[in-house]
Amino acid sequence: MQRFAAIGLDHRHAYDLTAGLLAAGAVCVGHDPQTSDPRVLAGFRKRFPDVPALDRERLLDDPSIDFIVLCSVPRDRASVAIEAMRRGKDVMVDKPGVTTADQLAAVEAAVRETGKIWSIALGRLTSPSVQAALGVVHSGELGRLVSLTSLAPHRLNRALRPAWFFERAAYGGIINDIGVHSIDQFLAFAGASDATIAASSIGCFGTPPAGFEDFAEITLRSATLTGSMRLDWFTPDGLPDWGDGRLFLVGTEGTLELRKNLDIEGRLGGDHMFVAGRHRTRYQDCSALPVTYYQDFLADVRDRSGRMLDGGRVFSVCRLALRCQAEAHRFMPVTS
């Protein structure tokens with residue numbers, strides 16, 4: 001039974017990662033109470049009251065702890081992860097795992113040096129509907145996949161955001177932060193470990209403070225697939241979820257749509273899949289399908305089987321996100 005500690009309780013994703021690992025059979029033996037957002041720490045303690053607060057150095061030095069869950073301020077994640085790996089710990093990190101190219105190079109070097117696992121908990125890995133859609137594509141039902149379009153709107157929830165959320169150096173920019181999910185998803189459907197950046201753009205359309213990146217678009221190409229991705233912080237408060245995330249796939253023999261978060265005029269819940277093929281259309285509720293990311297991670301920790309590095313794709317995803325961020329055309333708000 002693997003033992004882990006939660007370090008960097010600066011983002012609420014720590015709740016989901018910890019809960020997923022506990023459900024998969026791991027044991028959380030402690031949490032580091034250092035935080036930039038006391039509300040996140042309070043939420044963690046409320047959800048996991050039996051997990052004791054322990055000093056970070058004690059957790060990193062404890063040889064009985066197999067890995068850490070890391071949800072610190074994004075700019076700090078690489079340094080903490082490297083320190084943990086050098087002290088004998090595998091790492092499950094919230095996205096984005098890095099915020100600069102230098103950080104990525106340092107993490108890659110640490111993985112080579114230590115042989116430890118560095119896994120980013122990307123949305124594709126924990127989404128039952130995306131896993132179901134990948135199964136449809138691999139089955140050949142859509143024929144040859146030729147086009148992918150993804151929409152990834154997010155709610156700003158300004159009142160819940162700590163100060164670092166609005167500091168570009170802290171989160172690494174909108175594409176590096178939330179666009180990394182879309183880039184990873186594209187590579188998974190393309191069956192590729194890398195892609196060509198056809199275009200990327202970033203908008204600062206007036207969400208205060210000045211310069212906050214609230215909109216982005218990316219177009220990627222692999223040898224067989226073109227993907228267009230939109231991400232933003234413009235989910236209206238009237239929508240009953242943090243975002244109407246959607247995915248559209250076009251194949252030579254069929255199409256597929258995912259409504260990941262909600263069906264705004266119909267079925268309750270999320271993870272809705274709609275498929276149109278040569279002879280029929282069908283709907284599937286994917287919400288109860290199993291997600292194996294946490295079990296796979298624990299199996300890797302136990303067996304050193306390499307699932308979580310996936311041939312280095314996680315590094316390619318980060319590298320692409322950083323390049324899209326750095327090379328993006330910039331749109332600024334219109335002023336009167």
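Predicted model: local features only at pLDDT ≥ 70, side-chain atom pairs only at ≥ 80, totals over all residues.
1. Nine strands form an open sheet. Their order is β13-β12-β11-β10-β6-β9-β8-β7-β14. The pairing is mixed. In general, strands of a sheet pair through backbone hydrogen bonds, either parallel or antiparallel.

2. **The edges.** Which strands stand at the edges? They are β13, residues 281-285, and β14, residues 329-331. Each has a single partner strand, so one side of each is left without a neighbour in the sheet. On average, neighbouring strands of this sheet are turned by 10° against each other, direction ignored.

3. Look at β8 (residues 215-221) and β9 (residues 226-232). They run antiparallel, and seven bridges join them. R221 stands opposite T226 in β9.

4. **Helix α6.** Residues 128-139 make up α6, which packs on the sheet. Helix α6 touches β6 (145-153), β10 (246-251), β11 (255-259), β12 (272-276) and β13. The direction of α6 makes about 175° with that of β11.

5. **Helix α10.** Residues 313-327 form α10, and this helix also packs on the sheet. Its contacts are with β7 (196-203), β8 and β14. The direction of α10 makes about 55° with that of β7.

6. **A nonpolar patch.** F205, F234 and F331 make a nonpolar surface patch of about 280 Å². F205 lies in the loop between β7 and β8.

Terms used: Residues numbered from 1 in each chain as written. Heavy atoms only, no water. Pairing = 2+ DSSP bridges. Helix = DSSP H or I, 4+ residues; strand = E, 2+ residues; numbered from the N terminus. Axes fitted to C-alpha atoms, helices over the stretch in contact; angles between N-to-C directions. Contact = heavy atoms within 4.5 Å. Patch = residues over 30% accessible without salt bridge, like charges linked within 9 Å, V, L, I, M, F, W, Y side chains within 5 Å. Areas by Shrake-Rupley, 256 points an atom, 1.4 Å probe, with all protein chains shown as cover. Salt bridge = Lys/Arg side-chain N within 4 Å of Asp/Glu carboxyl O.
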